[in-house]
Amino acid sequence: GFSPSLLRALLCSIIMLAAAACSFQKIDMLTVLCVSFLCHTVISPNDILNAGFMLSYGALAGILIFGEELQTLFASVIPEKLAGNISASAAAQIFTAPVSLKLFGTFMPGGLAASVAVSPIVTLFIYSGIASIILCLCLPFLVVPAGYVMNVLFTIIKSSVMMFARIPGISAV
């Protein structure tokens, strides 16, 4: 079956495609998320008790509700590109921190710094993976070198995440 976050993404995509097919000019993403939430609870009502469901919807809701305001606030003191990354992470954590505290007893503030540092590497990893697939389909002898590059990038991502995981969390106890 679908994980709650994957089902959320699928439902949001379907809703966006349906809205485009109906020629809606401006689509409010928060409305799309709310409709997705309602559909999701009908399709899979047990998911509402799943941590992935709560965190996925909470993070996206935080980004949609607070992201632009936080970006404007942060852009006044740090470069705009960095402000965008930090604001998205901070906005997501506005709704997910209380859920994490309740479900897991801790909140990991290092996630803010981790998302800013690791996101560009993950983006490079994704695009490199797509390029590697295309390249290796055309030139199969490049499978081994492409695999090596992908493993190096994955190791960098994993090491970075593990480094940020060492930042102490905030406990609810």
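Colleague: Is the crossing of α2 and α3 left-handed or right-handed?

Modeller: This is a predicted model, and the answer concerns helix α2, residues 29-43, and helix α3, residues 51-75. Their axes come within 10 Å. The crossing of these two helices is left-handed.

Colleague: At what angle do the axes of α2 and α3 cross, and is the pair roughly parallel or roughly antiparallel?

Modeller: The axes cross at roughly 165 degrees. Angles over 145 degrees count as roughly antiparallel. Therefore α2 is, relative to α3, roughly antiparallel.

Colleague: How many nonpolar residues has the contact of α2 with α3?

Modeller: From α2 the contact draws on Met 29, Leu 30, Leu 33, Ser 36, Phe 37, His 40 and Thr 41. From α3 come Phe 53, Tyr 57, Leu 60, Ala 61, Leu 64 and Ile 65. By class, there are no charged residues and 3 polar ones, while the nonpolar residues number 10.

Colleague: Which element of the chain has the lowest mean pLDDT?

Modeller: The chain averages a pLDDT of 93, and 99% of the residues score at least 70. Among the elements, helix α2 has the highest mean, 97. The lowest mean, 86, belongs to residues 170-171, strand β2.

Note on methods:
Residues numbered from 1 in each chain as written. Predicted model: local features only at pLDDT ≥ 70, side-chain atom pairs only at ≥ 80, totals over all residues. Heavy atoms only, no water. pLDDT = per-residue confidence, 0-100. Helix = DSSP H or I, 4+ residues; strand = E, 2+ residues; numbered from the N terminus. Axes fitted to C-alpha atoms, helices over the stretch in contact; angles between N-to-C directions. Parallel < 35°, antiparallel > 145°, perpendicular 65-115°, else oblique. Left-handed = near helix turned anticlockwise from the far one by under 90°. Contact = heavy atoms within 4.5 Å. Nonpolar A, V, L, I, M, F, W, Y, C, P; charged D, E, K, R; others polar.
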